Amino acid sequence: MSNSLITEVASDVLSGVDPQAPADALHPLWPTLVELGWPQVGVAEERGGVGGTLQDLTELVAATAASGVSVPLVEMAVSRWILGAELETAPLVVTAASTGAVPWARYASHVLVRPEQESAFLVERGGVEIVPGENLAGEPRDAVRVTGTRTTVPDAPSHDAVLARSALLNSAALLGAARGAYERTREHVTQREQFGRPLVALKAVANSLAEMRVHLVATETAVTRAVHVHEQDPDRALAATAAAKITAARTATSIARAAHQLHGAMGVTREHPLHHVTRKLWAWRDECGTERRWSARLGRTALAAGEADLWDRITA
């Protein structure tokens, strides 16, 4: 269940914000989010966070994504969760599973790497070489090569725990962007008229809009359940995250397609705000692991669990 206060705060902060970011700079909204403590939500105060729950954090991530604004909230939130009070004054710490395509690396003060087979380590910005790149949404995804001193982070969570949290927040971001696409589409078909009546009066349009809503509800349910499992049964967090990620990726594909179909030609123009969310849906659905990869992981988990345990998980 959503926190109405968190939703209200997010709405106040994000209302009327222009999603277009300046070239070669972080969005002007980012310092405000840092000052409000959004990246530290879901981290206990004794560990340098601001308290709140993982559910609160997913709602902030989703609301930010729905607005169309691009900021490193997910990456910073994961880093703060790993590091706790360490580097509390650092302006931006981003987390990577490897030194391949690292989100927002060009703007980071530190890069925190959590490889699968090695210990986590931290590198200052001056200790990495960066080759700029970007994803389909135009967000920084930079190639990074470590050249400087590595500082080991001995108490970092496991690779799987970091992957599960990162993918869960990615799923929440996909949910938010999908909500943004749905709301923009619903407004369009309600206000746009054809043959003297709104587009939504056409059965095919109404059916398509309803199908978008069904996908949204399915993703909301999967993300909410995954959050609950993360908090109550961490040993099963990866499997619950897999279900959320698979559902969110499928929703991203379906809603982006339907949104552009219902907007028609105007929806593909740079001037129209729809692309601020649909390009994110296309980009983010394959980040933190593709739908196919997570499906294979979930399948292996089901096979290993056996028929009885699988039934318990499905019906729980």
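Predicted model: local features only at pLDDT ≥ 70, side-chain atom pairs only at ≥ 80, totals over all residues.
In which helix is the place of S208? Residues are numbered from 1 along each chain as its sequence is written, and side-chain values use heavy atoms, with hydrogens and water left out.

Now to the answer: S208 is found in helix α6, which covers residues 203-232, where helices are DSSP runs of H or I with at least four residues, strands are runs of E with at least two, and both are numbered from the N terminus. S208 counts as buried because its relative accessible area is 17%, and buried means under 20%, exposed over 50%, and partly exposed in between, with a 1.4 Å probe and protein chains only. If we leave aside neighbours within four places in sequence, S208 is in contact with A258 and L262, contact meaning heavy atoms within 4.5 Å.

Let us turn to a second residue, G176, which lies in helix α5, residues 159-191. G176 is also buried, at a relative accessible area of 0%, and, apart from its neighbours within four places in sequence, G176 is in contact with A62, A65 and A66. The C-alpha atoms of G176 and E59 are separated by 8.3 Å, although these two residues are 117 residues apart along the chain.

Next come the aromatic rings. Rings of Phe, Tyr and Trp (for Trp, the six-membered ring) pair if their centres lie within 6.5 Å, and planes under 30 degrees apart count as stacked, over 60 as edge-to-face, and the rest as tilted. By this rule there is one aromatic pair, formed by W104 and Y107, which is tilted, with 6.4 Å centre to centre and 40° between the planes.

Finally, a look at the whole protein chain, which has nine helices and nine strands. Buried residues make up 50% of its 316 residues, and among contacts with a separation of 6 or more, 63% join residues 24 or more positions apart. The C-alpha atoms fill a box of roughly 65 × 55 × 35 Å, taken along the principal axes.
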